[in-house]
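Please look through the model below before reading on. The points that follow are meant to be checked against it one at a time.

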Amino acid sequence: MASPTSAPAAAVPRAWIDWGYLAYRLRRSPLAVVGLVMILLVFLAITLGPQFLPFEPNMVNLRARLAPPSAVHWFGTDEVGRDIFARVLYGGRISVSIGFFVVFLAGTIGTVIGGLSGVVGGRIDTIVMRLMDVLLSVPSLVLTMALAAALGPSLWNAMLAIALVRIPAYVRLSRGQTLTIREAAYVKAARTFGASPWQILRWHVAANALPPIIVQATLDLGATILMAAALSFIGLGAQPPAAEWGAMISVARNYILDQWWYSAFPGSAILFTAIGFNLLGDGLRDLTDPKQKVR
Amino acid sequence: MSFLNVIRRRLGFLFLVVVGVSLITFAISHMIPGDPARLIAGERASDQIVAHIRETLRLDRPLWEQYAHYVRDLLHGDLGTSIRTGRPVSGDITAFFPATIELVVAALLFAIAVGVPLGVMSAVWRDRPIDHLVRTIAVTGISTPAFWLGLLVILCFYGRLHWLPGGGRIDQMVAPPPLITGFYLVDALLAGDGVAFASALRHLILPALTLGFVHVGVVARQIRSAMLDQLNEDYVRTARAGGLSRLRVVLGHALPNALIPSVTVLGLAFGDLLYGAVLTETVFAWPGMGSYVVASIQSLDFPAVMGFTIVVSFAYVFVNLSVDLIYLALDPRITDIG
C-alpha cells in the first residue's frame, strides 16, 4: 500500500505515489535517507564529475604508470598510466546504466507476465508459476554464468543474462499483488460502479502493486550492479580495456600486492553504490509494508 | 499433512526441477554460437573428423532425440566429457566437490558463530547503538563484492602482515593427506597428520572468512527478527516474572525457539554459499568446483559448465528439502510448509 489514504479513494484517479506522505515517512527512517543521499552522490559524481577532470578514462600516460594516489591522480594510475579516478567515474556510468537497464527490463517483463498470469488464472497460471518456481530454485549466479557463457562474453550478453534470471522474482511478486488486489473490497466496489477492467488495472492494481515492485527493483539495483561486476571479474561481462568496475578489478588483481589503490578504489565504488541502493530499498520496504513498522 | 506427504510433494517438485534444469542446460548448450563438433575437433581437424564427432555426439539427429539421449545419460550419471580436461565431467566434479564443500561448511560455521550472537544482541538491545551497528554490518555484507573483499583480505593478511597464506588449499611443501573423504581437514585428522592439518587449516581461514562475511549479516538479521518475535511472547514475561535472570531467559528460553524458524534461512544460506564459492575460489586459487567452472567458462567448455549447473542446482534443491524436513522435525506444531 502506498499510503493509508489509498484504500477509500475508490474511482478517483490519483498519483501513483503519495509524495508528501513518503517525505514525511522518510524523515523517520534515517537509514533510507542515508541511502538516498549516497545514491544522489553517486549520480552527481558520475554525471558531473568527469566534466571537471583533466583526464580522459582511456588517456594513456606511460611516464606515470602505477603511480600511487596523489594531488594530481586522486586514486592513482593503472599499468599504462590511466587516471583511476576518471576510470572509476566513467565506470560508474556503465555500472549504474547496467543496473537500471537490467532492472527495468526484468521488472517490466516480469510484472506484465505476473499480472497477466494472475488475471487469466487457470491452467496457464499454474504452468507459468511452476516454471518460475523451477527457475527460482536454480542458483541465480550459476544460471546467469551459464547463460552469459553461452551467449558469449560481452557486456550486452551479460546484461541480458542477468535480466533473464531476475524475471521470475517480479512475476511472483506482481502475480501475488494482482490476486490480492483483485479481491479487495474497493476493487469490487469500483466494478459495481461500472469501471472497466482497464480502469481497474490503471487506478487500483497499478497504484497498489507498484510500491512493492519499486522496493524490489531498488534492492535489485544493488544486486545487479554486484552481479555485473562479478561477471566482468571472471571475464564474462565488460572486457578489460573498458572502464567498468568489475573489469578494472579483474586486471587490478595482478597488482594487488604492490599497488593496493588499483583494486581498492573501483571496489569501494561498487560497495558504496550497492550500500546506497540496499539502504534505500530496505527503507522503502519498511515504509510500504505496514506489518514491518514494528520492527 | 505429515512428513511423508511433504517428502512426496517435495520429491515431485525435485522431479520438476530436474526436468526444468535439464531443459535449460540443454537449450543453453544449443545456443552456443558456432559448431560444437568443430570446437571439440579444433581448428585444423579435417571435415571427416568433424563429421565423425558430430555423429558420435548425435549432433546430426533431431533435437528431441538429442534431448532424450541427454536425459538418459544424465540419469546414468553421465554429464558428458569435458572438452578442456578430456575427462568425464562427473569425475571432474566428484574430484573438486569436497574442496568446495569444505570451504562452504567452514564459511557457514563462521557466519553462524558470528551472526547468531550479533543477532541476539541486536534484538535484546533493540534500537540501541549495537542494533544499528549490526544492521549496518548486515547491509554492508550483502553489498560487498565478494571477489574484491577476497583481494583486500589477501593484501592485508598475506601481503602486509604475512600471517596467513594467500591462496591454494595446502602448502606446496606439505604432502596432502591420503584421500579418504576428500576433505583435507578430516583426512589429515584420520591419518593423524598434524602438519597437513595445520597447513590445510591455515589455508582455509581467509577464503572461509571472505565467503562467510556476506552471510554474517544475513544470519544476524534473521536471528534478530526471530528473537524479537520470541521476546514478545508471554512465556518470556512469565519466566522473567518468576524470577529468572534476563540472561537465562534470553539464552535458555528465547534463543532455542528463535533458532527453529532460522533453520530455513540457514539452509538457503548454504545454497547461496555453494555458488558464492565460485568467486571466492577464483580469487584464492582454491581448487574446487568454482575454480573448475570458471576455467571451463574461459575455455568455452560447455559440457563442464552445464554439468556444474546441474549438480549445483540439484544440491541446492536437495539441501532446501532436507532443511524443510529438519524444520518439520524440530517443531511438531508445524504441519504444512507448502
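**Notes on the model**

1. In chain B, the centres of domain 1 and domain 2 are 27 Å apart, taken over C-alpha atoms. The contact between them takes 21 residues from domain 1 of chain B and 17 residues from domain 2 of chain B; two residues are in contact if their C-beta atoms, placed from the backbone, lie within 7 Å. The side of domain 1 of chain B that touches domain 2 has 13 nonpolar, four polar and four charged residues. Here Ala, Val, Leu, Ile, Met, Phe, Trp, Tyr, Cys and Pro count as nonpolar, Asp, Glu, Lys and Arg as charged, and the others, Gly among them, as polar.

2. This is a predicted model, in which local features need pLDDT of at least 70 and side-chain atom pairs count only at pLDDT 80 or more, while totals for chains, interfaces and linings use all residues. Residues are numbered from 1 along each chain as its sequence is written, and chains are lettered from A and ligands numbered from 1 in the order in which they are written.

3. Domain 1 of chain B consists of 1–84 + 301–338, and domain 2 of 90–110 + 144–213 + 234–298. These bounds come from an automatic or database domain assignment.

4. Chain B has 13 helices and zero strands. Helices (H or I, at least four residues) and strands (E, at least two) are DSSP runs, numbered from the N terminus. The C-alpha trace of chain B spans about 85 × 55 × 40 Å along its principal axes.

5. Of the 338 residues of chain B, 39% are buried. A residue is buried if 20 or more other C-beta atoms lie within 10 Å of its own, exposed if 12 or fewer, and partly exposed in between, with C-beta atoms placed from the backbone.

6. Where do the two chains meet? Their contact takes 40 residues from chain B and 38 residues from chain A. Among the elements of chain B that give two or more residues to this side are helix 1 (3–29), helix 9 (194–231) and helix 13 (302–330). By class, the chain B side has 27 nonpolar, 13 polar and no charged residues.

7. Which residues of helix 2 of chain A are buried? They are A:A32, A:G35, A:I39, A:V42 and A:I46. These residues lie on the same side of helix 2 of chain A, because they cover an arc of only 80 degrees around the axis. The arc is that of the directions from the helix axis to the C-beta atoms. On the other side of helix 2 of chain A, A:P30, A:L40 and A:L44 are exposed.
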